[in-house]
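Thanks for asking me to look this over. My notes are below, as numbered points you can read alongside the model.

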Amino acid sequence: MKLLLKGARVIDPASGVDGVRDVLIEGDRIARVDMSIPPATVPGAIVADLGSALVVCPGLIDMHVHLREPGYEHKETVATGCASAVAGGFTAVACMPNTNPVNDSASVTRFILKQAAEAGLARDYPIGAVSKASEGQELAEMADMREAGCVAFSDDGRPVATALLMRRALEYAGMLGLPIIDHCEDKTLAGDGVAHEGFHASQLGLRGIPGAAEDVIVERNIVLAAMTRSHAHIAHLSTAGALRAVRSAKERHIRVTCEVTPHHFTLTDEQLMAPLAYDTNLKMNPPLRHVTDRDALLAGLTDGTVDAIATDHAPHHADDKRVEFDRASFGIVGLETAVSLSLDRLVHAGVIGLGRLIELLSTNPARILGVPGGRLAVGDAADITILAPDLNVTVSAASFRSKSRNTPFDGWPLRGGVAATIVGGRVLFVNPDVPQASALGRV
Amino acid sequence: MSDTAARLRGKDLLGIADLTASEITLILDTAEAMKEVSSRPIKKVPALRGKTVINLFYEPSTRTRTSFEVAEKRLSADTLNIAIGTSSVVKGETLIDTALNLEAMSPDIIVLRHASSGACHLLARTCKAGIVNAGDGMHEHPTQGLLDAFTIRERKGRLQGLKVAIVGDLLHSRVFRSNIYLLTKMGAEVWVCGPPTLMPAGIELVGVHATTRVEEAVEGADAIMMLRIQLERMQGGYFPSLREYFQVFGMTPERVKLAKPDAIIMHPGPMNRGVEIASEVADGPASVILDQVANGVAVRMAVLYLLAGGGEHEAVA
Amino acid sequence: MPILMDSERIGRTLTRIAHEIVERNRGVGDLALVGVRTRGVPIARRLAAILRDIAGQEVATGALDITLYRDDLMKAAVGPQPIVRRTEIPFSIDGRHIVLVDDVLYTGRTVRAALDALIDFGRPSTIQLVVLVDRGHRELPIKADYVGKNVPTSRRETIHVRLAEIDGEDEVTLDQIEGERA
């Protein structure tokens with residue numbers, strides 16, 4: 001099967017391309033990327049006249065999602081999560097191991113991959129646990145898990161429990177050439193906090209999680225990454241202090257990378273008070289921080305300190321959110337709002353350009369995880385995302401492909417969206433509101 | 001006649017933060033009339049006759065619940081007390097389910113006390129009944145703030161321009177939050193004091209003076225309010241011992257002397273004698289602690305009346 | 001805005017009523033005046049002053065707030081909710097002849113509420129009623145014992161009583177109600 005994407009603006013930071021190009025997909029591969037590919041030269045190809053208002057880029061990769069299967073299938077399954085991913089423009093996701101049972105073994109890894117293959121939607125790269133059952137005691141079988149398909153290790157949901165364990169994990173995973181991804185939170189400082197420690201949490205009588213709880217562990221991990229000369233990746237970085245530490249570490253050439261979520265670069269703790277006080281769709285960990293933290297993240301996105309945007313997609317059943325704030329589960333879904341928030345709040349707001357955005361959502365995640373993709377190279381698998389940067393969208397939780405609806409962005413009008421998502425040459429999502437992409441619907 | 005609001009907006013009383021100074025004055029003025037009802041031989045008026053009020057208490061409380069119950073009965077309302085034991089919570093019925101089940105019986109008001117901040121907001125959004133916050137987690141205890149203000153106003157004639165000192169575990173206290181919102185709205189000068197480990201983040205942004213020196217807080221004060229130190233806080237490692245707490249922050253007769261000669265001593269109760277307050281101070285002539293309790297009934301009558309009793313009225317004979 | 005009673009007329013009317021009270025009760029012994037808030041109170045005080053002149057005796061006077069005793073049928077969605085004020089009856093009403101005083105008698109519901117309130121204070125011997133203006137349209141079997149002036153009105157009209165103690169001047173006027181009223 002041949003698919004010809006004509007006339008769109010192609011942006012591929014990895015190869016330096018940014019301009020109107022035609023892209024030819026043959027079977028599951030990228031066959032050609034040229035200034036002009038006349039349809040006559042490709043008989044039998046389906047031609048999509050996309051136009052230069054649309055952007056063709058390497059498939060987006062969300063390197064931090066929770067697919068909840070095995071164990072929490074009422075919130076999400078691998079299949080529904082991967083469907084949510086392609087609807088959000090993602091051709092691949094990396095899923096965290098805090099399932100039930102925890103993904104701390106090759107067998108659970110293989111199960112997850114089997115589910116993903118059956119679903120046949122977005123690619124799934126499992127992240128294995130650092131410690132057995134993520135209990136923070138003994139290292140899990142990382143080599144075996146890598147063999148089965150894991151691309152990194154994390155005890156996400158929790159921090160890697162001790163400095164000693166983090167050291168050992170970095171050393172061991174370093175041998176395997178894989179990064180340790182850490183949810184940086186000092187539990188003794190965080191206590192039973194539910195919101196960012198600050199003026200707004202005080203006003204609402206909510207127990208606070210100080211920014212220092214994150215900073216302290218980020219600094220710990222930087223020291224250990226330097227010591228072990230291994231790669232530590234900071235998950236969902238949210239504070240100015242943590243960002244400063246990462247920036248400084250990079251200047252000293254320590255192998256540390258970091259990701260930021262769309263909700264952290266969009267919202268602040270002020271939203272807890274209005275319009276809806278105690279909205280549990282604003283409860284996540286790390287919590288929404290102070291406006292100075294948010295602004296620091298924006299600066300980090302601009303100056304290159306932040307390597308990736310990742311959603312920390314955390315589906316929860318309505319029952320887990322329709323309770324008192326203290327008791328509500330932490331987390332919000334993010335796969336189907338990430339692109340629109342990024343285009344609206346970063347690109348259109350002038351914080352970064354489209355090229356940098358694609359680095360954050362594709363080029364860099366591929367590099368950090370060591371997975372294929374992140375570029376549009378001839379011969380590579382045809383994982384392609386088509387963006388519609390000027391499309392006006394209104395977020396509609398009711399139409400999410402995810403099983404869960406826990407988002408604070410329902411009803412938000414945003415500028416920018418996804419036109420289509422192509423995985424291995426198969427068009428898995430077409431946005432009906434983008435007329436130029438309609439030809440793809442016939443594939 | 002003071003320039004007051006004619007009624008309360010909304011069906012709920014969730015916190016002082018949502019009230020205007022005008023509405024606060026309305027409640028306090030109405031409470032004065034209600035206090036007079038409590039001094040009659042027949043301590044009852046038919047203002048809430050036929051209305052149903054449910055007291056839904058997720059945290060044990062004799063004092064507040066009794067106060068609400070007396071207030072409801074003095075207004076001739078039908079009252080129901082529901083004390084949720086921890087076992088019900090463990091059994092898993094959610095707060096919303098419990099409330100909706102109760103609502104099926106058409107209560108006019110639900111008085112809720114709960115351990116989670118924001119629990120009353122959750123119910124107010126879900127239920128048609130008016131919700132009165134009897135204390136939600138660490139957030140607010142608005143009727144306590146109102147009765148404290150009523151007591152100060154009763155003794156001092158006004159709130160504006162008075163210096164009020166609040167001392168104790170500020171971090172965890174909902175009484176503290178309600179009081180500082182109310183007193184700052186009404187123009188009092190508020191000084192708050194406690195160990196730094198128990199000082200809420202961003203406290204100065206509310207418009208109060210914060211200090212860790214109790215002498216500075218009470219100097220020249222018109223009213224001193226002591227907050228309860230929950231004994232379990234010591235296990236939380238917030239301060240080394242109760243003995244040291246009393247030494248550094250306890251309200252002793254010597255410290256009281258730094259305040260104005262006619263200063264009043266307040267405490268929302270129950271008191272830990274010898275921890276936050278010396279017995280001589282609690283029982284001394286300046287103490288209005290028992291007045292606070294009496295005023296609690298009048299203030300709660302006023303709140304219930306303004307939420308459920310009034311309705312539209314003709315000013316016609 | 002026809003003026004029904006000016007200051008002088010109000011004064012003469014109250015004097016006449018005071019004499020009627022003394023005559024009916026054969027003196028002022030065991031008598032107490034209770035003004036219904038708001039404007040019944042200054043009228044009661046004026047009557048007390050006149051009675052003191054006539055009978056040479058102080059007559060106990062109190063103020064009654066009936067807001068908490070209003071019935072459901074007194075809701076007609078007009079105007080701001082009246083603020084509850086203190087009731088001040090600093091004497092025992094048991095065994096006394098209470099004279100309730102109000103400015104205007106209309107449906108009778110205020111007086112009914114006042115009777116309910118008084119009964120909660122004790123057991124008076126008798127209760128009599130003074131009104132400055134009776135405008136008709138009773139909805140309950142209530143009758144005034146002493147009436148300053150009978151003014152037949154329609155439901156589209158209203159009586160405004162202004163008293164110096166509250167409004168700065170003495171005047172009773174008959175006005176039209178703006179908008180539709182039943």
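1. Some ground rules before going on. This is a predicted model, in which local features need pLDDT of at least 70 and side-chain atom pairs count only at pLDDT 80 or more, while totals for chains, interfaces and linings use all residues. Residues are numbered from 1 along each chain as its sequence is written, chains are lettered from A and ligands numbered from 1 in the order in which they are written, and side-chain values use heavy atoms, with hydrogens and water left out.

2. On confidence, the predictor assigns the complex an ipTM of 0.87 and a pTM of 0.88. Where pLDDT is low, the predicted coordinates should not be read in detail.

3. Now chain A as a whole. DSSP runs define its helices (H or I, at least four residues) and strands (E, at least two), numbered from the N terminus; chain A has 13 helices and 18 strands. Its C-alpha trace spans about 65 × 50 × 45 Å along the principal axes. The radius of gyration, taken over C-alpha atoms, is compared with a globule rule of 2.2 Å times the number of residues to the power 0.38. For 443 residues a compact globule would come out near 22 Å, and the 21 Å of chain A agrees. Of those 443 residues, 63% count as buried. Taking contact as heavy atoms within 4.5 Å, residues 24 or more positions apart make up 74% of the chain A contacts with a separation of 6 or more.

4. Have a look at helix α2 of chain A, residues 106-119. Its 14 residues reach 20 Å from first C-alpha to last, close to the 20 Å expected at 1.5 Å a residue; the expected span is 1.5 Å times one less than the number of residues. Which residues of α2(A) are buried? They are A:A106, A:V108, A:T109, A:I112, A:Q115 and A:A116. Their cover includes α1 (78-87), β7 (90-95), β8 (123-128) and α3 (142-148) of chain A. Just past α2(A), A:G120 has a positive phi of about 60°.

5. Next, the aromatic rings. Rings of Phe, Tyr and Trp (its six-membered ring) pair if their centres lie within 6.5 Å; planes under 30 degrees apart are stacked, over 60 edge-to-face and the rest tilted. Over all chains there are three such pairs. A:F409 and A:W412 have ring centres 4.9 Å apart and planes at 90°, so they are edge-to-face. B:F239 and B:Y245, with centres 5.1 Å apart and planes at 40°, form a tilted pair. Ring pairs also join B:F239, B:Y245 and B:F249 into a cluster.

6. Two charges deserve a glance. A charge sits over a ring if NZ of Lys or CZ of Arg is within 6 Å of the ring centre and within 35 degrees of the ring normal. The charged end of A:K283 sits over the ring of A:F330, 4.6 Å from its centre, and C:R135 lies over the face of C:Y106 at 3.7 Å from the ring centre.

7. Finally, C:D71 is in the loop between β3 (60-64) and β4 (97-105) of chain C. At 18% relative accessibility, C:D71 counts as buried. Beyond its neighbours within four places in sequence, C:D71 is in contact with C:R109 and C:R112.

Methods
Buried < 20%, exposed > 50% of the residue type's maximum accessible area, 1.4 Å probe, protein only.
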